[in-house]
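Take a look at the structure below.

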Amino acid sequence: MAMNTVLWLIGLFCSVLFVSHGVEASHLYYRNLQSLQSTSIPKNQPYRTGYHFQPSKNWMNDPNGPMVYKGIYHLMYQWNPLGVVWGNIVWAHATSTDLVNWIHHKHAIVTSEPFDIKGVWSGSTTFVNGKPIIQYTGIIESNQWNYQVQNMAVPKNLSDPYLVEWDKPAKWNPIMKPTDGVNASAFRDPTTAWKGPDGRWRTIIGSKIDRKGMAIMYRSKDFIHWIKARKPLHSARNTGMWECPDFFPVALKGMNGVDTSAMGPLVKHVMKVSLDDTRHEYYTVGTYDHVKDRYIPDQGSIESDTGLRYDYGKFYASKTFFDHEKNRRVLWGWINESSTVEEDTKKGWSGLQAVPRTLWLDRSGKQLMQWPVREINSLRAKRAILPSQVLKRGSVIKISGITASQADVDVHFELPKLADAEIMDPSWVNPQLLCSAKPASAKGKLGPFGLLVLASKKFEEQTAIFFRVYNNHGKYVVVMCSDQSRSSLEESNDKTTYGAFVNVDPYHDKLSLRSLIDHSIVESFGVGGKACITARVYPKLAVGGGAQLYVFNNGTQNVKISSLKAWSMKKAHIKY
Ligand SMILES: *[C@@H]1O[C@H](CO)[C@@H](O)[C@H](O)[C@H]1NC(C)=O
Ligand SMILES: *[C@@H]1O[C@H](CO)[C@@H](O)[C@H](O)[C@H]1NC(C)=O
Ligand SMILES: *[C@@H]1O[C@H](CO)[C@@H](O)[C@H](O)[C@H]1NC(C)=O
Ligand SMILES: *[C@@H]1O[C@H](CO)[C@@H](O)[C@H](O)[C@H]1NC(C)=O
């Protein structure tokens, strides 16, 4: 689960009386807002999404326990039934047959027992002999702050594909306690468990000792009695608290997913952690030594905030599950707002889930690839096509005939004159800083070229997603940027610009860009899913029919559009 920094907000929305650093913390407390009884959300909702998963109202954070069971997809999530800020968390529960349209059920897990009376935080589902079992973090009554234990929950009726009723066996819970020197306030978010060749189950829990983040491991023969391993599965210095770890195998070849217990020569393993300190996630690809029960990241992996990320924009507390029906691994991630609490209160909600993504190992074996699950294509409606053409330097071409505020667009570029790329400045090691220093208005040679989304008619507002290509001693470097600096006339939003280097050789591969545009969210996938950037934007003018879509080239060199397709997207049906 998520959060940092304890804020006591006294007075409506603002006056921060006391900000406690040092006490690490888990969750943002807006005391007075928490107690507000939530009202229905206002009618005029320019920022509500059309095809992203979001609850009817109020605060949502981490995706929990995703799975597919008897052909039904389940998404549970951390939800505050009473307000737009974090608090009063329950496990809300929705199901779907296609990962696009959803029906809500009663909450799967709520606080009720001594072992979770103060909170039901994030967790995962594991199939044990074909039966789904949830492990989640419970907060218990204690003098110590946020005392965390792990619990289990089992379906009451396995014949019910919707798994509406869950039982939390009091006889066994809690199944793991923070003994043995584990910090009780830093012990949360159990992963999907896996079974070793010795027949024992393993699961990991996010934790830390001082500044060293770690994944504490537990083993069990029966999935009820768990014993802590002497050593963590993995740890990394100076990374702080590891929230929502995820540990899973990926096939060496192909795009198919594999079961979480798969191991051996045909797979690599991935370890992802969400860093409470930076609110970013990073992952490494590596090897799981199941004899020593240790994970070893591949050489060259960076184990910190500057390492590989699923998403170089907003994306946190993510979790994958193996979809055994379609043989793929699917990733869910929480996308928070970039607006103020005051704005969130006005609109009556806060938080989205990213469109679920299929995830697999890139052919290089060094990084993951991600792509929106194909079911999302079923929402594609009216289509616009731009014929193959040269996109001249300085040009901006409008893509007409679709609903630009709720769209899917996919463009492929060719670079006929690569030799003209600018020389890479060796000091540009941080792509986000490079993109911030060189927004869409900074002319380059090869680039910036890409998409202008949620743009107003006179370009007072625009969000630009683009590439720049550099020459670094004869090797090409491609950076992908999502520039929010002009995304809204409203000043109070967080308009941070994001960036990522894309590991691609533009000499051999086209530079493609797909963006899922949905009113206040833009999810962009560079070069078939090698780099992803998610942004939240809140335009004032570029809303509804006022929003436009363009392809642009602000470099001094021409580039070629080899194909561009864009679709209006239909609304997903979400029943509350
Ligand atoms: C335990 O974790 C909490 C929350 O992160 C932190 O405030 C506290 O200093 C930690 N205690 C120790 C002994 O490390
Ligand atoms: C279990 O679920 C099945 C399928 O929904 C239903 O027919 C049956 O009545 C349920 N059993 C109980 C005890 O609720
Ligand atoms: C949410 O958004 C804010 C502002 O845009 C950011 O500072 C914060 O760290 C974000 N992430 C999470 C996971 O809370
Ligand atoms: C291209 O650069 C010019 C000059 O800096 C700027 O005015 C214009 O807005 C830029 N175009 C886009 C699409 O950002």
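## Ligand 3

In this predicted model, an N or O atom in the side chain of Asn-336 is 2.5 Å from an oxygen atom of ligand 3. Lys-314 also takes part: a side-chain N or O atom sits 2.8 Å from an oxygen atom of the ligand. For a polar side-chain atom of Arg-279, the distance to an oxygen atom of ligand 3 is 3.4 Å. On its own, ligand 3 has 360 Å² of accessible area, and the protein covers 65% of that.

## Ligand 4

Asn-554 brings a side-chain N or O atom to 2.4 Å from an oxygen atom of ligand 4. Arg-486 has a side-chain N or O atom 3.0 Å from an oxygen atom of this ligand. Ser-441 uses its backbone instead: a polar atom there is 2.6 Å from a ligand oxygen. Taken alone, ligand 4 exposes 360 Å², of which the protein buries 65%.

Among the other residues surrounding ligand 4 are Ala-440, Lys-443, Leu-452, Gln-462 and Phe-552. The shell splits into 3 nonpolar, 3 polar and 2 charged residues.

## The annotated domain

An unreviewed UniProt entry places the feature "domain: Glycosyl hydrolase family 32 N-terminal" at residues 52-372. That span is 49% strand and 2% helix.

Methods
Residues are numbered from 1 along each chain as its sequence is written. Chains are lettered from A and ligands numbered from 1 in the order in which they are written. This is a predicted model: local features need pLDDT of at least 70, side-chain atom pairs count only at pLDDT 80 or more; totals for chains, interfaces and linings use all residues. Side-chain values use heavy atoms; hydrogens and water are left out. UniProt positions are given in the numbering used here, feature names are shortened, and annotations may be inferred rather than shown by experiment. Helices (H or I, at least four residues) and strands (E, at least two) are DSSP runs, numbered from the N terminus. A residue is near a molecule or strand if one of its heavy atoms lies within 4 Å of it. A polar contact is a pair of N or O atoms within 3.5 Å; within protein, one must be able to donate a hydrogen and the other to accept it, and residues adjacent in sequence count only if both atoms are side-chain atoms. Accessible areas come from the Shrake-Rupley method with a 1.4 Å probe; for residues, only the protein chains shown count as cover. Ala, Val, Leu, Ile, Met, Phe, Trp, Tyr, Cys and Pro count as nonpolar, Asp, Glu, Lys and Arg as charged, and the others, Gly among them, as polar.
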